[in-house]
Amino acid sequence: MSRRAFLKAVAGLGSVALLAACGGGGAAPATDNVANSATAPSSASASSASAVKGSVAVSSSTAKASSAAAPEETIEYWHINTPAFGLPAVEELVAKFNEKHSEIAVTHKFQQGFYTGLTQNLQAAVAAKRPPAVAQIGYNYVRYISENFPVVALDKVAGGELKDFLQRYPDNLVKLAQNKDVVWGAPYGLSDPVTYVNPELLQAAGLNPEKAPATWEEVQQAAQVVKSRTGKYGVHPQLVDNWMTQAMIEGRGGRMLTENGSCMAFNSPEAQAAIQFWRDLIKDGLAPQATDEEAFPSFTAGNIAMTMTTPARRSTFEKQAKFAFKLAPFPEFRGYPRRLPSGGNVLMVFTQDPKKQKAAWEFLKFMTSPAAITIWVKGTGYVSPIKGTEDDPRYLGNLFKEFPTMKVPYDQVKDIVPWVNYPGPRGLQVEQILLDARNAALLGKTDVKAALDGAMAKANELVGGCQ
Amino acid sequence: MGRWPKLTSLWVAVSKQDRPAAAAAHLAEAAPGPRTALARHHPALPADPAVPTRRPAARRLAPYFYVLPAFVALALFVYWPLGRTLALSLHDWNLVSPSWRYVGMANYSSLARSSDFHAALRNTVLYTAEILPLAVVLPLLLATLLAGVAGRLRSLNRTLIFTPTVVSFAVAAVVWLWMLNPIHGVIAAALRALGWQGPAWLSDPAWVIPAIVLITCWKVAGYNLVLFFAGLTSIPTDVSEAARVDGAEGWALFRHITWPLLTPTTFFVLVITVIVASQDTFVPIQMLTQGGPDQASTNLVYLIYQYAFQFFDAGHGAALAIMVFIAFLGVTALQQGLLERHVHYER
């Protein structure tokens, strides 16, 4: 935890204690709120300390104190937002909802370990027959959850309102929450991969610091120049999962799955070319042989000229970097359309109680309304998943006037495709198989074709045979 | 050379005498070997004439009542989960679905064929082989050397070496992540200053296990050192004094006095280190490499975690856990059988 986060937590704890002492009256004192341009945490509210560890429930009862009527329905909302990543926004949104809907009380619960951790805890809760009403489900779990968990399809939750509701999303984003033509939740957190650029390093190499390379071929050339003129690394695409694997393979004309989604397709010549390209970056010393945990601090330390990852990393980078980095579009392979896997989460409903489902539906509608999305986007660095917020001065319009590069991930929204989920009950293991094969190929341990062929055979066998 | 048989017999003679109680307790604490424990804590109760005679049934049942609290705790938290794990290993279950699907030995057979299991098994052996010298031999040597250092310096040294043990492993992993960074870490910088290009510790399949071993040993060696210290302190000075009078110095003193009297401690340290080697490496694996690159740093414990909580495949996870349980049972039994013969417990 950074010192600032720690101080914030301490301040939060202090103000929570204060609030408790005052019997919940009065507004929370604003804690140290460093308005860094990226995620611009708008409202560091009192209990930012609450999510320091484990799964912590925070009843937002302070907001309810004024309304006399007791809520008829209490529902739980599970999220992965840490104090440094969106928790203040979650608290503000839940408080606002509770204020608006006196008949419903939403309690939010932080889940440690991101989407994997949340899914693990969700399993325990489902087994205990006490699932949360609403939970953030990572896009990489949509298929698995919808096929294995007792999640309630959105049309069942929405009654007759679904069609109307989905109007708020661009068509390609509705697909993010779909499996087999059923919409399983409301797309909520959204990001697409971007390029972070160190303009100082580009300048030191004699390159134009204002113009980031637009294609992978240009990235390679620029990286070569950076290496030969400064001795530093040119580029590091995120390695930790298959988010970037998919962006590279599909951006080079390949596909992860066959058209019907039931078989693997990631060993096509196009896919091989994409991974080969990536491998050459490492082999030629243009990209470091390093994990993300090593490479990202090296980027902010000024040792790597460009790195491709999520826009959500922006506030962390801003705290670490001593230079003013820039955001640039994710590169294309020359002659191929860009296809960017979605990052973020879908809000899904798990409660089987019809009354609670109704309350959850109200909550979903509120959370994906323009005003709520504005708070959410400002507090997290996510992209707005709904139409009509980015140009409207009531919502995000002014933000972009002030920070034009924040618009980069928005301009790419049209290129967003679902983050591929692998079929069947063993789908999650396929992720690992592909990741291992890709890493073996990137390190030169195995020939690219052999690595992808091997992974594909293994994966197809695992999902139940596919010739 | 002629002196040594005499020394040995002296040691045997001395060791048969009663020790000062404090030293003995110390040793027993450091090395709760089964025989020591039994000999000390169960001095044949029923035969003792001082114990008043009770009704035979009550007397027969009494021991069971004594062990009952411990047994209940063990049964609840160890044996019951173990039994459930065994049952689960014969089923297919995703941790959510209401029913377990019986699959017989299929989980075991598919694991036995899978390459990630082979990699994890191989790595577990590698980890253990690399951790033992660093976490057992090194602390043993350090403890022996430090025992010769006087007063303040000794406790300062001991404190310094023990400090990593109390540092949170997660924090330690992050500190090492920073030091091992191949691009701008201090170790890479130091190697570069010497004209070497350091390896990409955590993303080079050849270096990732040594790197995690280094982190783990840095963390656990201090604890073992303190155990050895306790063992060394409990060696009665009269024995070593007598040996010195007989002319034993340095290596001879270690070989014939210190080492034999330290064997219970060493055996204990060896057994726990083999077992914790695969568990203690979990945190750095999880935090730094997630088993990668390409399973190069995974081990059996991490693989159990992956199957159960990443792939949500509880059946395979349970089967793996049972296999690991049996393997470690075997290794411990082997240690017991082969090595314990060389252990000198004091009577």
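In chain B, helix α6 (residues 115-147) and helix α10 (residues 208-233) have axes that come within 7 Å and cross at roughly 40°. The model is a predicted one. Two packed helices are described by the angle between their axes and the distance between the axes. Angles under 35 degrees count as roughly parallel, and 65 to 115 as roughly perpendicular. α6(B) and α10(B) are therefore oblique to each other. The crossing of α6(B) past α10(B) is right-handed. What kinds of residues make up the contact of α6(B) with α10(B)? There are 23 nonpolar residues, four polar and one charged.

Now turn to the second largest pocket. Its volume is about 860 Å³. The lining of this pocket has 27 residues. Nearest the pocket's centre lie Leu257(A), Glu259(A), Gly261(A), Pro418(A) and Val420(A). Which elements give two or more residues to the lining? They are α5 (142-148), β5 (178-179), α11 (243-251) and β14 (416-417), from chain A. The lining of the second largest pocket divides into 10 nonpolar residues, nine polar and eight charged.

Stay in chain A for one residue. Leu364(A) sits in helix α15 (residues 354-367) of that chain. Is Leu364(A) buried or exposed? Buried means under 20% relative accessible area. Leu364(A) has 0% relative accessibility, so this leucine counts as buried. Pro187(A) is 177 residues away from Leu364(A) in sequence. In space, the two are 9.9 Å apart, C-alpha to C-alpha.

Definitions and conventions:
Residues are numbered from 1 along each chain as its sequence is written. Chains are lettered from A and ligands numbered from 1 in the order in which they are written. This is a predicted model: local features need pLDDT of at least 70, side-chain atom pairs count only at pLDDT 80 or more; totals for chains, interfaces and linings use all residues. Side-chain values use heavy atoms; hydrogens and water are left out. Axes are lines fitted to C-alpha atoms, for helices over the stretch in contact, and angles run from 0 to 180 degrees between N-to-C directions. Helices (H or I, at least four residues) and strands (E, at least two) are DSSP runs, numbered from the N terminus. Angles under 35 degrees count as roughly parallel, over 145 as roughly antiparallel, 65 to 115 as roughly perpendicular and the rest as oblique. A crossing is left-handed if the near helix is turned anticlockwise from the far one by less than a right angle, and right-handed if clockwise. Ala, Val, Leu, Ile, Met, Phe, Trp, Tyr, Cys and Pro count as nonpolar, Asp, Glu, Lys and Arg as charged, and the others, Gly among them, as polar. On a 1 Å grid over the protein atoms alone, a cavity is a set of points where a 1.4 Å probe fits but cannot get out, and a pocket is an open set with protein on both sides within 12 Å along at least five of seven lines; lining residues have an atom within 4 Å of a point. Grid points are joined across faces, edges and corners, and a volume is the space filled by probe spheres set on the points. Buried means under 20% relative accessible area, exposed over 50%, partly exposed in between (1.4 Å probe, protein chains only).
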